[in-house]
Amino acid sequence: METMTVQKYNLDEEQEKKEIVRHYRALLRALKPRLKKGDRELVRTAFEMAADAHKDMRRKSGEPYILHPLAVAQITVEEIGLGVRSAICALLHDTVEDTEVTLEDVEREFGIEIANIVNGLTKISNVIDSNTSTTQAENFKKILLTLADDPRVILIKLADRLHNMRTLDSMSREKQLKIASETVFIYAPLAHRLGLYIIKSELEDLAMKYTEQDKYREIAKRLKETKRERTRYINEFIKPIKEVLQEEGYTFEIHGRPKSIHSIWNKIKTKGVEFEQVYDLFAIRIILDSPIDKEKADCWKVYSIITDFYHPSPERTRDWLSNPKSNGYEALHVTVMGPNGKWVEVQIRSKRMNDYAEKGVAAHWRYKEGNQSVQESKFDQWFNQIREILSSPDSNTLDFLADFKSNLFTEEIYVYTPKGDLKILPVNSTALDFAYSIHSAVGNKCIGAKVNYKLVPLSHKLRSGDQVEIITSNKQKPSEDWLNFVLTAKAKSKIKDALKEEKRKVAMDGKELLERKLDHIKASASQYNINELVQFYKQPSPLDLYYQIAVKNIDLKELKQFHVLGDKLEPPKPVKVHEPQPEEHHKQVSKKDAELIIFGESSDKIAYKLANCCRPIPGDDVFGFVTASEGLKIHRTNCPNAAQLLAHYGHRVVKTKWVKNREISFLTGLRIIGMDDVGVIHKITNIISGELKINIAGLTIESKEGLFEGLIKVFVHDKDELDELVDRLKGLDGIQSISRLED
């Protein structure tokens, strides 16, 4: 796995020609089993076109550039398992971008299919060289779009990246870091998702070699030092299994291979262990030569042979025979206790399954001629998912990228509909994710679910094997907090779409109101006038302006101060709408008041929300904070987030005042700790409901070793009422402490 280091390049012209011909012949040898009539000529034409186009170009190492496309074609065929067309595309992958060759030339020689793939490869090459994170993310989207059109584009791009990583030594340190971190960020997850596990591991290892050089060297050195000892242990472990498999007449391969350096480093980091304590430094792989109709049964038979000798760990057994991964991976993994008290992972699979495991999506094409297989439908399902997510791309590309990346790397769970249909979701998906995986209309109306016949909330995390029935209501609508309940990119994007649509509907009311008011001052709702108002009210877009008018965050009273010249609005000189107040002002809030109102000239009430982080109630010391997306939010001055908001965003802080209103009650909570005495609950509830006539929203009590802890949620009108309740409860015998819940 070491990279090829070219110290000094010193071949003369004749030697160079021989080197190029040697590589070309190696490519033809790799393609030999797949060459049909006329293919050899096509490959030769592509090679000559590329060699001629790149003839004056050199790589950083000094070698002729054509050796790079030849190496990429070789990887595409030998290591990924693609065929003649892909090899031709690999040979031409840099021509359109870097040379005089045009797409029309490629299409004329090789047809539209090859031209489209080369075009996709050219687009990706232009993509990855930007500086800003958003552009990077936009580019990643484009990569995925080409993947959805023809996955061969990505497979060839992975071969290109793998060769670049193998020959990264001749690059500058800066370039090495950029290319290596990009590889870990984009290409390794894609290789993983496409089932190319060997390539994924090598990409990660090579990236680590440049990004964390010391750790890489240290682990490589330790692996080298322990190689003899490992080989001895593997042979001891394998011996009895091998004997029985031979007696039973199986044709098989059995070998142990070390885990990748990157995965060992990950274990050391996440588990906080030393190199010696990483129990699975290697995996034993058993590959059976079984006919397709017997392979499952044979794998289970081998499982039973292994567990006759070694004790399995049930929670570390993975059955991907019955439920293959969505990228087509099938195998049986079992972790057993081997000699000397060491855990050993054994992977059991057939030759066909091994082909899928090593060649991933490329093997999918090779077996495609046969019947519609489980893997095929799962692949198609996955590609359709990509198309669906990309067809309604969210404006926040970075969010999209984070969601998508987490979905690329996550292991899967298998969940069933009431009729027994299988759905594949990432680990930690919720009932709401499941609802959206059925259909976005089901997701948008989901109010809960039954998991294994038990009622659960939207946020309930699902486990493999759950049977889920979604409960819907036509009155339900998605809300902002749903985004915290979902994991899948599809669900997030559909919720955001629904919220935007909802915002758009509300904004239309604001638009009508604005048009009426403009009409009143003899001005039209022209594009020019709307833009003037958007700037004046400091809104990001006309839609936001209409929305803020509709929810009464903007009351348009300043319109009277605008001049109308012809039909054009001319804004008044800017006035400060809110003067930021120093913190001490917030502490002079009157306790007599009881609903938050901010007085403007017209005494209109401004819409606001109470912050969930501190749940203020009337009478608390509070301040208003103007948020970008949710209008005005009210926080207590002792809120955990107050210091940060006041320090960083002083200009968004608004002076607030409570005004008396006994109509509205606010939810708050108390934590009570005391002696677990007979009748204590009755006494507490009697004071709350009986004497003070306060409504209880929720009550939970836990007793432990003579003490009880109670969490009580109540509706109060203001802080005075809450203070009185606390005083009365403190007066009860055996109460140790009462504190207000922060959330």
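**Exercise 1.** Determine which residues of helix 24 are buried, and what covers them.

*Solution.* Helix 24 spans residues 542–550, and its buried residues are Asp 544, Leu 545, Tyr 546, Gln 548 and Ile 549, where buried means under 20% relative accessible area with a 1.4 Å probe and protein chains only. Helices here are DSSP runs of H or I with at least four residues, strands are runs of E with at least two, and both are numbered from the N terminus. The cover over these buried residues includes helix 22 (489–520) and helix 23 (527–536), contact being heavy atoms within 4.5 Å. After helix 24 comes Lys 552, which has a positive phi, near 65 degrees.

The model is a predicted one, in which local features need pLDDT of at least 70 and side-chain atom pairs count only at pLDDT 80 or more, while totals for chains, interfaces and linings use all residues. Residues are numbered from 1 along each chain as its sequence is written, and side-chain values use heavy atoms, with hydrogens and water left out.

**Exercise 2.** Describe how helix 1 and helix 2 pack, beginning with the angle and ending with the residues in contact.

*Solution.* Helix 1 (residues 13–31) and helix 2 (residues 39–53) pack at about 150 degrees, their axes lying 12 Å apart; axes are lines fitted to C-alpha atoms, for helices over the stretch in contact, and angles run from 0 to 180 degrees between N-to-C directions. The two helices are therefore roughly antiparallel, a term that applies to angles over 145 degrees. From helix 1, the contact takes Ile 20, Tyr 24, Leu 28 and Leu 31, and from helix 2 it takes Arg 40, Val 43, Arg 44 and Phe 47. Sorted by class, these residues give six nonpolar, no polar and two charged, with Ala, Val, Leu, Ile, Met, Phe, Trp, Tyr, Cys and Pro counted as nonpolar, Asp, Glu, Lys and Arg as charged, and the others, Gly among them, as polar.

How values were computed:
Angles under 35 degrees count as roughly parallel, over 145 as roughly antiparallel, 65 to 115 as roughly perpendicular and the rest as oblique. Buried means under 20% relative accessible area, exposed over 50%, partly exposed in between (1.4 Å probe, protein chains only).
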